Amino acid sequence: MTSPWRAMAGNPLRFLLSAWPWRSLAYLVSGLVTGILWLELALVLVVVGVLLAPVGIGIVLLLCVPLSAIGLGAVERRRLRLLDRRPAPSPHRDPHEAGLRPWLKFRLRETATWRELGHAVMAGLLSVAALMVPFVLFVGGVLQASAPMLVGHGDQIMYGTAGTVDTRGEAWPVAVFGVFMTLLGFYAMTVAAAARAALDRALLVRPVEDELVDVRASRARLADAFEAERRRIERDLHDGAQQRLTGLIMTLGLAKLDGGGEWAGRAQDEARAALEELRDLVRGIHPSVLTDRGLRAAVESLAERSAVPVEVDVDLPGRPPDAIESAAYFVVAEALANIAKHSGAGRARVSARRSRKALHIEIWDDGTGGAAVGGGSGLQGLADRVAVHDGTVRLSSPPGGPTILRVEIPCES
């Protein structure tokens with residue numbers, strides 16, 4: 001879908017016959033309605049709040065003014081779809097990402113809340129002006145264009161001291177000018193709507209460029225992580241399993257020359273060690289238990305091998321898609337590895353549930369807290385893995401603990 005600016009810059013006839021002028025009219029009119037309704041609500045809240053401030057409830061009403069602007073901002077982001085199909089994400093952050101602060105306190109401290117309040121006041125006051133100019137041009141143009149018909153019925157068109165039009169010969173030039181004014185009104189209406197939409201996007205929408213930068217950075221980190229993992233696998237194969245298998249071959253050769261006995265036993269031990277290393281290596285790439293028995297069994301296997309006692313509470317109706325299931329497994333694996341290495345926890349708990357739209361995972365430990373995403377930590381890699389599936393990671397880890405990691409991965413049931 002093209003933009004209104006491009007439509008106006010193109011073929012005039014195609015623009016005039018398109019839906020853009022009518023979309024623009026709908027945008028301006030609906031903006032006028034929402035802006036005036038909010039101004040009336042805000043005025044009532046302010047007046048009643050000031051009158052009741054001495055008894056306390058007025059303070060609550062006054063606080064409702066900026067909070068109501070949040071609701072208006074959400075409506076305005078939905079209205080943007082009339083002229084702009086690009087994503088319009090909310091500029092507000094999730095309170096859980098800031099340490100689970102109370103919602104009201106968190107919202108009142110956000111810059112986005114007060115920016116939305118300023119936009120609401122401005123929108124209410126400017127909506128009339130934004131609609132007035134194109135309205136005057138459009139309505140005035142239609143009246144001028146109908147001049148021959150009006151004069152034909154015996155009416156006169158008066159222009160004050162400039163003169164009066166009362167014959168068909170005088171009416172036709174006026175009609176031509178009226179058609180021009182009408183067409184100009186279509187353009188003015190679209191310009192006003194497009195400018196209003198651009199202002200609304202600038203004030204109410206989190207820049208999409210920020211999300212693209214985050215995605216690019218996430219993909220770059222994942223590419224680096226995959227390359228590092230490939231090199232690790234290559235190194236482990238070369239330095240571990242390959243060396244053991246080479247030793248096994250030599251041992252079997254000596255056993256063959258010596259006639260068995262002690263060498264045969266050593267060869268068996270070497271073979272077992274090599275097999276165990278290969279199993280560990282394969283488990284690090286993609287565990288067979290996940291493929292064969294699903295996420296619950298795979299998480300229980302991780303819990304059994306964890307250095308910290310882990311309680312498992314995984315209740316999933318059916319199995320998620322393979323990619324989601326694999327991502328969830330490695331999220332749990334990385335989180336448990338971080339708990340064992342850095343948290344000083346005495347116990348941990350992993351729970352997983354599946355809703356209609358997402359897979360929800362929560363990992364809790366009673367460690368010392370202070371965990372953070374970023375700085376090259378394992379949690380950063382975990383967040384990158386989840387971001388590939390458009391998932392979210394929320395971390396609460398105050399000093400002294402406990403640490404709670406919540407992961408949500410979109411997963412339609």
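Visitor: Which residue in strand 4 does Val312 stand opposite?
Guide: The strands of a sheet pair through backbone hydrogen bonds, either parallel or antiparallel. Here Val312 has Val350 of strand 4 standing opposite, and strand 3 (residues 310-315) is joined to strand 4 (residues 348-354) by 6 bridges, the two running parallel. Two strands count as paired if DSSP finds at least two bridges between them, while strands themselves (E, at least two residues) and helices (H or I, at least four residues) are DSSP runs numbered from the N terminus. The model is a predicted one, in which local features need pLDDT of at least 70 and side-chain atom pairs count only at pLDDT 80 or more, whereas totals for chains, interfaces and linings use all residues. Residues are numbered from 1 along each chain as its sequence is written, and side-chain values use heavy atoms, with hydrogens and water left out.

Visitor: How many strands does the open sheet have, and in which order?
Guide: The open sheet has 5 strands in the order 3-4-5-7-6, and their pairing is mixed. Strand 3 and strand 6 (392-396) stand at its edges, and because each has a single partner strand, one side of each is left without a neighbour in the sheet. On average, neighbouring strands here are turned by 10° against each other, direction ignored, where axes are lines fitted to C-alpha atoms, for helices over the stretch in contact, and angles run from 0 to 180 degrees between N-to-C directions.

Visitor: In what sense do strand 5 and strand 7 pair?
Guide: Strand 5 (residues 358-365) pairs with strand 7 (residues 403-410) in the antiparallel sense, over 8 bridges. Ile363 has Leu405 of strand 7 as its bridge partner, and Asp365 stands opposite Thr403, also in strand 7. Strand 6 is likewise antiparallel to strand 7, joined by 5 bridges, with Arg394 partnered by Arg406 and Ser396 by Ile404. These two strands form a hairpin with 6 residues between them, and Gly400 in the turn has a positive phi of about 95°.

Visitor: Which helix makes a β-α-β unit with strand 3 and strand 4?
Guide: The handedness of such a crossover is read with the strands pointing away from the viewer, and it is right-handed if the path from the first strand over the helix to the second runs clockwise. In this model the helix is helix 13 (residues 322-343), and with strand 3 and strand 4 it makes a left-handed unit.

Visitor: Across which strands does helix 12 lie?
Guide: Helix 12 (residues 295-305) lies across strand 3, strand 4 and strand 5, and runs at about 180° to strand 3. Helix 13 also packs on the sheet, touching strand 3, strand 4, strand 5 and strand 7, and its direction makes about 10° with that of strand 5; contact means heavy atoms within 4.5 Å.

Visitor: Where does UniProt place the feature "transmembrane region"?
Guide: The unreviewed UniProt entry places this feature at residues 20-39, 45-75, 117-143 and 174-199; its positions are given in the numbering used here, feature names are shortened, and annotations may be inferred rather than shown by experiment. Over residues 20-39 the model is 100% helix and 0% strand, with the end C-alpha atoms 28 Å apart, and over residues 45-75 it is 87% helix and 0% strand, with the end C-alpha atoms 20 Å apart.

Visitor: Is Asp200 buried or exposed?
Guide: A residue is called buried under 20% relative accessible area, exposed over 50% and partly exposed in between (1.4 Å probe, protein chains only). Asp200, in helix 8 (residues 168-204), has a relative accessible area of 0% and is therefore buried. Leaving aside neighbours within four places in sequence, its contacts are Tyr27, Glu76, Arg79, Leu80, His119 and Val205. Glu76 lies 124 residues from Asp200 along the chain, yet their C-alpha atoms are separated by 7.4 Å. Val75, in helix 4 (residues 57-79), counts as partly exposed at 39% relative accessibility.
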